[in-house]
Amino acid sequence: MEESYKDRTSLVKGAKDIAKEVKRQAVKKMNKAVDKAQDGYTQRSYNRFQDEEDDDDYYVQGGNYGIEANDDEGSSEATEGHDEDDEIYEGEYQGIPNMGQGKDGMVALGQSMHDEYKDRRELETERKADEEELAQQYELIIQECGHGRFQWALFFVLGMALMADGVEVFVVGFVLPSAETDMCIPNSGSGWLGSIVYLGMMVGAFFWGGLADKVGRRQSLLICMSVNGFFAFLSSFVQGYGFFLFCRLFSGFGIGGAVPIVFSYFSEVLAREKRGEHLSWLCMFWMIGGIYASAMAWAIIPHYGWSFSMGSAYQFHSWRVFVIVCALPCVSSVVALTFMPESPRFLLEVGKHDEAWMILKQIHDTNMRARGQPEKVFTVNRIKTPKQIDELIEIESDTGTWYRRCLVRIRTELYGIWLTFMRCFNYPVKDNTIKLTAVWFTLSFGYYGLSVWFPDVIKHLQSDEYASRVKHFRNEEVSHFVFNFTLENQIHSNGEYINDRFIMMKFKSVTFEDSLFKNCVFEDITSLNTYFRNCTFVNTTFYNTDLEQYKFVDSDFINCTFFHIRTGCQISFDDDYSAYWIYFVNFLGTLAVLPGNIVSALLMDRIGRLTMLGGSMVLSGISCFFLWFGTSESMMIGMLCLYNGLTISAWNSLDVITVELYPTDRRATGFGFLNALCKAAAVLGNLIFGSLVGITKAIPILLASTVLVCGGLVGLRLPDTRTQVLM
């Protein structure tokens with residue numbers, strides 16, 4: 001018994017000695033690390049220092065320090081008699097384990113101090129290595145989760161947001177003619193409505209894309225779609241043109257974030273072999289948005305009986321009903337997004353491992369239950385998270401008031417967005433950004449330029465035909481006659497109208513020049529594009545008409561009276577089928593992209609993104625030369641459908657390439673910048689091509705074909721991303 005007690009005493013004493021020696025060595029090594037750091041060690045000396053520590057086989061695991069020892073020597077009996085010194089050692093170097101740091105979660109001694117002395121370039125190098133490892137691991141995890149019910153649910157939710165973007169682009173063109181008439185917009189101000197929406201979308205694409213890389217895809221998409229829905233709904237009720245422009249500006253600002261966020265969001269839950277095809281299917285919702293807007297405009301706007309008024313000041317016409325209906329896809333997407341989770345790839349990128357794991361498990365379980373395999377277990381336990389680099393932000397000490405705190409937060413976020421944007425021009429994505437900029441600009445300039453040019457040419461052909469059928473009446477003398485029928489497309493010159501009555505009639509594109517109206521009565525008159533130039537009115541009465549002062553140009557009134565003049569512009573085109581024609585043309589042009597969408601979705605992963613992008617743009621450029629033969633409305637409509645069908649494949653492949661070429665931490669920012677550039681090119685194309693309508697065909701044809709072919713050739717120089725994981 002006594003011998004056993006002596007053995008146990010010596011064992012305890014030996015354990016104490018080992019513990020004290022370990023503590024002494026640990027302190028010695030920590031002092032050595034501090035001395036080296038203070039002496040300004042270089043990266044090479046730092047690596048040698050780590051190698052020295054690794055040779056000692058001394059690790060921290062799970063926040064506890066230990067040494068390699070025999071299991072018998074490290075038993076609980078050996079530490080049963082530890083003293084206070086040992087107790088200090090046991091918790092002295094406790095730390096929080098950092099997921100993904102080191103191999104199998106093990107970090108070398110002093111790791112928490114090492115990052116303080118590394119420069120930013122070293123930390124970014126380590127982060128880049130972590131991101132590459134995460135990209136490979138994440139691809140395997142998504143493949144394990146499978147493609148099923150979750151992806152299809154997210155597909156339709158994000159599709160509604162993309163559909164709202166398509167509606168926003170078309171709604172301005174459909175509303176513009178009616179809004180101009182309803183709000184008495186002069187020709188000089190009518191172009192502002194189309195430009196202001198694109199301006200809002202341009203700023204919104206850049207802002208919301210950058211914000212999505214800072215706060216998350218889902219949250220940014222929810223906010224931007226809510227902004228769009230609110231201001232779109234509000235614009236249907238405002239009466240003043242200035243306030244209407246303000247609402248449409250912010251509506252465009254909100255919807256500008258839809259495209260960059262939607263494609264970034266959806267690409268991050270797709271496996272490599274599914275990404276190209278399903279992103280192309282997602283593009284179909286933009287086409288569906290255009291078809292929806294065309295069909296609703298066709299069904300609603302010409303039905304002027306749907307309108308109501310409150311006095312002469314407030315008019316709610318059918319085009320306002322159309323604006324409300326067009327806001328429904330946006331509202332639907334906002335409601336559906338509240339039930340969807342954040343992108344797990346984004347959460348991993350910002351270091352939120354547990355939240356990302358829970359969402360990935362949700363994706364796995366949802367898809368497995370839909371397949372009838374609920375017993376299948378999600379086997380992933382730990383996911384690599386990139387090293388988080390803290391941003392040093394200077395905040396003023398005087399931030400007590402709420403508005404100063406808001407200003408500081410806004411300034412900080414904007415500065416962060418700008419820094420992320422500048423990183424899009426850093427190696428290794430700099431060359432890709434420059435090439436993508438050229439492709440996006442040329443495709444947008446050619447597509448939107450000709451898309452505006454086609455309808456304008458068709459309207460110009462219609463106007464020429466309408467003007468060729470105008471009727472001229474000269475030196476007519478009419479007395480004691482009652483006009484109670486419609487006058488349309490007529491010019492009356494040097495006429496005399498004595499004791500005539502114009503009752504319950506409509507003037508449509510009628511002009512009276514150098515005419516005399518004596519003892520006449522105008523009652524219940526509705527007019528459109530009607531003017532009295534250099535006319536004289538003597539003892540004439542106007543009752544309940546819309547003949548306002550601006551319709552009388554250089555005219556004289558002698559002893560005339562006006563009663564109940566209707567102010568504002570009156571919409572009354574009951575027998576005018578031109579509105580139906582415009583909506584029908586846009587409907588056909590949008591529907592023509594359906595075959596191109598189907599072909600691009602089926603072939604995206606088979607022939608590759610670059611072949612489809614370059615081939616589609618070159619073919620679109622060649623198709624422009626067929627415009628030489630567009631001498632009638634039907635031929636121009638055919639050319640429009642052919643052109644739209646060819647360019648849609650280029651758009652789909654460009655969207656896929658863009659999300660695959662940018663890493664996760666700047667994917668939405670880069671996409672947002674390129675989408676903003678797209679809107680700027682669209683405005684420029686509208687201005688240039690619109691100014692050439694009716695002048696010449698040669699310049700638009702040569703300009704569009706040149707930029708499209710050049711853009712396609714640049715696109716062929718982009719790297720092929722078909723076999724790459726999502727970086």
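K551 and D546 are both buried (under 20% relative accessible area, with exposed over 50% and partly exposed in between; 1.4 Å probe, protein chains only). Their side chains meet in a salt bridge, 4.0 Å from N to O. This is a predicted model, where local features need pLDDT of at least 70, side-chain atom pairs count only at pLDDT 80 or more, and totals for chains, interfaces and linings use all residues. Residues are numbered from 1 along each chain as its sequence is written, and side-chain values use heavy atoms, with hydrogens and water left out.

**Salt bridges**

- A salt bridge here is a side-chain nitrogen of Lys or Arg within 4 Å of a carboxyl oxygen of Asp or Glu.
- By this rule the count is 12 salt bridges.
- E168 pairs with R248 in one of them, at 2.9 Å from N to O.
- That pair links distant parts of the chain: E168 sits in helix α6 (residues 149-182) and R248 in helix α9, 80 residues apart.
- Helices (H or I, at least four residues) are DSSP runs, numbered from the N terminus.
- E168 and R248 are both buried.
- R217 and E268 form another salt bridge, with their closest N and O atoms 2.7 Å apart.
- R217 lies in helix α8 and E268 in the loop between α10 and α11 (272-300), so this pair ties together parts 51 residues apart in sequence.
- R217 has a relative accessible area of 0% and is therefore buried.
- E268 also counts as buried, because its relative accessibility is 0%.

**Helices α8 and α9**

- The axes of α8 (residues 217-235) and α9 (residues 241-255) come within 7 Å and cross at roughly 160°.
- Axes are lines fitted to C-alpha atoms, for helices over the stretch in contact, and angles run from 0 to 180 degrees between N-to-C directions.
- α8 and α9 are therefore roughly antiparallel to each other (angles over 145 degrees; under 35 is roughly parallel, 65 to 115 roughly perpendicular, the rest oblique).
- Their crossing is left-handed, meaning that the near helix is turned anticlockwise from the far one by less than a right angle; clockwise would be right-handed.
- Contact means heavy atoms within 4.5 Å.
- On the α8 side, the residues that meet α9 include C224, M225, V227 and F231.
- On the α9 side, F243, F244, C247, R248 and I255 are among those that meet α8.
- By class, this contact has 12 nonpolar, four polar and one charged residues.
- Nonpolar covers Ala, Val, Leu, Ile, Met, Phe, Trp, Tyr, Cys and Pro; charged covers Asp, Glu, Lys and Arg; the others, Gly among them, are polar.

**Helices α20 and α21**

- The axes of α20 (residues 609-623) and α21 (residues 633-661) come within 8 Å and cross at roughly 150°.
- α20 and α21 are therefore roughly antiparallel.
- The crossing of α20 and α21 is left-handed.
- Contributors from α20 include R609, L613, M617 and S620, and those from α21 include Y643, L646, L654 and E660.
- The contact of α20 with α21 has 12 nonpolar, six polar and two charged residues.

**V259**

- V259 is found in helix α10 (residues 258-267).
- At 8% relative accessibility, V259 counts as buried.
- Leaving aside neighbours within four places in sequence, V259 is in contact with L162, D165, F671 and N675.

Key: Helices (H or I, at least four residues) and strands (E, at least two) are DSSP runs, numbered from the N terminus.
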